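Colleague: I would like to learn how to read the features of a structure that is new to me. Could we take them one by one?

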Amino acid sequence: MKSEKLLRALGDLPEDLVAEGNLRRRHPLLRLGAILLCVLLLLSALYPFFRDRIQGRGENLPAQGVTLRGAAYEIWDADSVQAQRTGLPSAIQTEMVGMQIDSLDQGTVHLYLPAEDQNAVYILAADNAYQYLIFAGYQLPGDDGSTHVDAQQMFLTYGVTGAADLAAVTWQEEASTDPEALAALYDALVSADAFGEGELLPEQETEVSDYGDPVWLEAANGLRWMAYYNSGSGLFCWLGNFYSVGTDFLPAAAA
């Protein structure tokens, strides 16, 4: 009787089978069909779980963007490529989670205690689990490209209050840690004219692929981030901000 009800619910029970009493003879096949249907439903429900494991969670899946205190941030797992590039530990321990400073729909926002005096990294807590909130710029959705901030403000976001807080710069696979060279780099950036992408002059306009070579900057607090420098145009691009620094800009040891 239970098999008959199942088949009626699926709309697959021919009336002649019921009338002729053939339902009992087909009972094993009907039970097998019901089992297969359950297996298919289970696999469909588990597909996202296996997809994350196959692709590499946090590597190929897009980050979720949020707005926090007038800036854009992205939510990343601790073992993601983006977290490692930023110089963050691959696991978030309880002792790394500071006081709550804000809340989002996704959870509560906490200070990142290993580098407390910065705004580039926070910790998002939800359902007894932790993720990183990583700074993605001051240009928010809907902006026309005119938003920009001075380089000094960008440095402060990463906890860099002066050249002494810079630890290294890497460009074209060459690194420099020379304090004088880093001071020259810092001074050149903070004194440069700043533009949003929508404010660039026609001769300065460039495609993303033409931004130049990646420049990795590292702060004394351990945080790292990437920008771009085009030696042809003399423009330095840092998360939607463009700085006109000229063509003799990066430390000689990294040139």
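Colleague: Are tryptophan 171 and tyrosine 229 buried or exposed?

Modeller: This is a predicted model, so the answer is a computed one. Buried means under 20% relative accessible area. Both tryptophan 171 and tyrosine 229 are buried.

Colleague: Which kind of aromatic pair do phenylalanine 135 and tyrosine 158 form?

Modeller: Planes over 60 degrees apart count as edge-to-face. Phenylalanine 135 and tyrosine 158 form an edge-to-face pair, with 80° between the planes and 5.9 Å centre to centre. Phenylalanine 135 belongs to strand β6 (residues 129-137), while tyrosine 158 is in the loop between α5 (151-157) and β7 (166-171), so the pair ties together parts that are 23 residues apart in sequence. Phenylalanine 135 and tyrosine 158 are buried as well. Tryptophan 171 and tyrosine 229 also form an edge-to-face aromatic pair, at 5.5 Å centre to centre and 65° between the planes. Here strand β7 holds tryptophan 171 and strand β11 (residues 224-230) holds tyrosine 229, so parts 58 residues apart in sequence are tied together.

Colleague: How many aromatic pairs are found in the whole structure?

Modeller: The search finds 13 aromatic pairs. One aromatic cluster includes Tyr73, Tyr122, Phe135, Tyr158, Trp225 and Trp238.

Colleague: How many salt bridges does a search of the whole structure find?

Modeller: It finds one. Arginine 69 forms a salt bridge with aspartate 102, and their closest N and O atoms are 3.5 Å apart. Arginine 69 sits in the loop between β1 (64-68) and β2 (71-76), and aspartate 102 in strand β3 (residues 97-104), so the pair ties together parts that are 33 residues apart in sequence.

Colleague: What is the volume of the largest pocket, and which residues lie nearest its centre?

Modeller: Rolling a probe the size of a water molecule over the atoms shows where empty space is left. The largest pocket has a volume of about 380 Å³. Its lining has 19 residues, and Gln82, Phe135, Trp225, Met226 and Leu239 lie nearest the centre.

Colleague: Which element gives the most to the lining of the largest pocket?

Modeller: That is β11, with five residues. The elements giving two or more residues to this lining are β2, α4 (81-85), β6, β11 and β12 (235-238). By type, the lining of the largest pocket divides into 13 nonpolar, three polar and three charged residues.

Notes
Residues numbered from 1 in each chain as written. Predicted model: local features only at pLDDT ≥ 70, side-chain atom pairs only at ≥ 80, totals over all residues. Heavy atoms only, no water. Salt bridge = Lys/Arg side-chain N within 4 Å of Asp/Glu carboxyl O. Helix = DSSP H or I, 4+ residues; strand = E, 2+ residues; numbered from the N terminus. Phe/Tyr/Trp six-rings, centres within 6.5 Å; stacked < 30°, edge-to-face > 60°. Buried < 20%, exposed > 50% of the residue type's maximum accessible area, 1.4 Å probe, protein only. 1 Å grid on protein atoms, 1.4 Å probe; cavity = no way out; pocket = protein on both sides within 12 Å on 5 of 7 lines; lining within 4 Å. Points joined across faces, edges and corners; volume = space filled by probe spheres on them. Nonpolar A, V, L, I, M, F, W, Y, C, P; charged D, E, K, R; others polar.
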